[in-house]
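Open the structure in your viewer and keep the selection tool at hand. The stops below say what to select and what is there.

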Amino acid sequence: MKPIKTLESTTLVLPESSIDTDQIIPARFLTTTERSGLGRAAFADWRFDEAGAERADCVLNSAAARSAEVLVGGDNFGCGSSREHAVWALMDFGVRAVVSCRLADIFRANALKNGLLAIEVDTDTHRWLLEHPGARVTLDVSAGTLTTETGPECSFALDPFARNCLLEGVDALGWLLARTPEIEAWETQRREAA
Amino acid sequence: MSRTLFDKIWDAHCVQPATAEAPAVLYIDLHLVHEVTSPQAFAELDRRGLKVRCPERTVATLDHSIPTLPADAQGQRRFATEEAWQQVHQLEENCARHGVELHGWDSPHRGIVHVIGPELGITQPGMTIVCGDSHTATHGAFGALAFGIGTTEVGHVLATQCLLQQRPKTLRVTIDGQRPPGVTAKDLVLQTIARLGAGGATGHVIEFAGQAIRELDMEGRMTVCNMAIEAGARAGMIAPDEITLDWLRGRPHCPQGVAFERAARAWLALASDPGAHYDREVRFDAAEFAPTVTWGTRPDMAIAIDQPVPPPRDADAERALAYMNIASGRPLLGHKVDVVFVGSCTNSRISDLRAAAAQLRGKRIAEGVRMLVVPGSEPVRRQAEAEGLDRVFLAAGAEWREPGCSMCIAMNGDMVAPGQTAISTSNRNFEGRQGRGARTLLASPATAAASAVAGCISDPRRTDPSLGWNAQVPSPRTMEARA
């Protein structure tokens with residue numbers, strides 16, 4: 001996992017609430033056995049018409065959107081299916097952080113395990129971000145702060161393990177594998193208690 | 001100290017409690033695997049030279065992307081794409097290489113992952129169960145802690161049988177009172193989601209309780225827990241009781257005889273202690289519930305079937321109404337449907353098929369309507385055929401398929417055409433969920449089947465033979481309005 005310490009970028013704003021993972025990547029793209037190359041499928045039904053042509057009226061197709069690394073989504077972003085393909089698609093599309101006032105649990109867990117910084121901010125900051133698409137923001141992972149050039153700043157919570165994984169690129173599976181003695185001891189203890 | 005059902009299961013599976021540096025290490029008793037969310041996880045194991053740690057705790061099936069039409073005379077099945085076939089083939093190979101039991105094409109138990117776990121008796125009270133699928137909460141109906149995970153976590157469980165987990169909060173949803181006649185488990189859960197909101201239970205595990213829940217059979221309880229995720233919940237669960245035990249007794253992988261009775265005592269003791277603390281509590285009265293249908297593009301956009309669609313209160317609702325081509329201010333009754341889908345991990349069990357068949361017996365579906373009935377598993381298919389339900393569906397003009405997720409996720413070629421309206425017993429009405437441009441109304445099997453006959457949204461109480469033909473059953477709120 002690529003470490004991420006600070007991120008300075010303009011924002012791409014998708015104000016709709018409850019943007020579900022079927023929007024982020026429609027199910028027909030899930031037959032892949034790979035993690036890579038899914039950027040083309042990100043928001044495919046929003047970005048492309050039925051003939052496969054880019055929709056000029058879709059904000060995701062603007063040059064500004066393509067250069068933004070911070071996606072600000074409406075409330076309950078990432079709800080629905082557990083498909084991690086949603087995270088892989090966003091990252092391949094160029095998104096490195098997702099900000100909302102509320103993120104769906106599984107989406108957030110998937111994001112943080114892939115080095116996609118997924119954070120929740122207070123509703124006032126969230127509203128400001130929604131009202132100022134393209135604003136330049138700075139996310140500081142170790143300080144846990146979001147700052148804007150002309151607007152509010154706020155702190156965001158990250159569990160210490162996720163923060164460390166993001167900062168150091170720690171491999172969570174490696175960490176779990178290192179717990180093997182404890183897991184074996186626990187299994188033995190349970191077997192004997194039964 | 002008084003503990004909840006959730007607390008008891010969590011505590012019993014904590015290999016290491018959370019520390020200042022790391023979340024808890026939670027042991028997983030049962031890992032269910034399917035073709036769509038597992039290939040990248042197996043690839044990660046291969047990359048690191050790891051084996052599946054506990055193949056005996058891992059069970060796989062084919063369900064999401066497989067065709068539901070039978071094989072042809074040469075035994076060939078027509079997959080939606082070459083890639084879909086490749087993905088299924090990959091799972092077969094991964095399972096063979098790692099010694100994981102796979103309920104593949106030849107298995108008499110094959111079916112939707114959340115249908116076969118309970119059928120096999122591998123889903124048991126008190127267990128921790130995960131799957132790379134958000135509807136894993138279905139298994140919570142048995143008093144298990146069951147939740148969906150992403151593919152990276154699928155890899156963690158394959159390799160270590162454990163997950164790093166933050167302890168979720170608890171929410172008790174109590175549904176008091178009796179369900180009015182003609183109101184099903186699906187209606188209970190749609191009403192609950194409408195009241196909680198699509199993200200209302202985020203960060204929480206829901207325990208469903210109260211008379212209306214206790215009176216549900218196991219299949220109804222599975223329908224309720226299945227949709228906990230649609231309110232954002234991490235999991236849904238119901239305390240085991242005699243109904244649970246009756247369902248499990250004699251299942252292939254359950255303890256048998258004396259061992260079962262010993263296990264049963266431990267299972268009953270899982271129920272939340274009196275006075276146990278929940279982080280949140282809500283209470284509803286089942287008497288207020290009626291057959292329910294969704295009108296929008298989120299599962300919480302749901303109303304009683306005879307109530308008017310509410311005026312849009314925000315831009316999301318406006319967008320949803322426009323997408324659905326539905327006008328606010330009048331009920332959905334009479335709204336034309338093109339496609340009817342009975343199936344999915346929410347409503348594809350035998351009782352669901354019986355409820356649909358009861359509406360269809362001796363009738364034909366309306367001209368121009370396409371109806372697909374997809375059993376949840378091979379055992380459900382066989383049981384339905386033994387009861388002659390398949391003939392009821394076929395005689396009515398519906399298609400009778402082989403088990404799979406089918407039109408719920410529309411990955412396998414079973415899909416709704418752009419602009420068409422479907423009434424579906426599945427769990428998600430998101431834009432494009434059942435096919436690009438498809439419009440989905442979620443409802444119970446009875447409502448879906450009644451609507452198939454009418455060709456438009458129809459109140460199943462008026463045509464439910466068990467309620468009396470042409471029953472006039474106004475919803476409680478309508479009665480209030482009249483009084």
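Two residues are in contact if their C-beta atoms, placed from the backbone, lie within 7 Å. Helices (H or I, at least four residues) and strands (E, at least two) are DSSP runs, numbered from the N terminus. The model is a predicted one: local features need pLDDT of at least 70 and side-chain atom pairs count only at pLDDT 80 or more, while totals for chains, interfaces and linings use all residues. Residues are numbered from 1 along each chain as its sequence is written, and chains are lettered from A and ligands numbered from 1 in the order in which they are written.

**Stop 1: a helix in chain B.** Select α14(B), residues 389-396, and colour its buried residues: L389(B), V392(B), F393(B) and A396(B). A residue is buried if 20 or more other C-beta atoms lie within 10 Å of its own, exposed if 12 or fewer, and partly exposed in between. Look down the axis of α14(B): the buried residues fall within an arc of 95°, so they line one face of the helix. The arc is that of the directions from the helix axis to the C-beta atoms. These buried residues pack against α12 (350-360), β16 (370-373), α13 (378-386) and β17 of chain B. After α14(B) comes G397(B), with a positive phi near 100°.

**Stop 2: a loop residue.** Select A410(B), in the loop between β17 (399-400) and β18 (421-424) of chain B. Is A410(B) buried or exposed? A410(B) counts as buried because it has 26 C-beta neighbours inside 10 Å. Not counting residues up to four places away in sequence, A410(B) touches A27(A), M415(B), R433(B), Q434(B) and G435(B).

**Stop 3: where the chains meet.** Show both chains: 43 residues of chain A are in contact with 53 residues of chain B. On the chain A side, α5(A) supplies the largest share, five residues.

**Stop 4: strands in chain A.** Select β1(A), residues 6-14. Strands pair if DSSP finds at least two bridges between them. Five bridges join β1(A) to β5(A), residues 136-140, and the two run antiparallel; E8(A) has T138(A) as its bridge partner there. Four bridges join β1(A) to β2(A), residues 70-73, and these run parallel. In β2(A), G73(A) is the bridge partner of L14(A).
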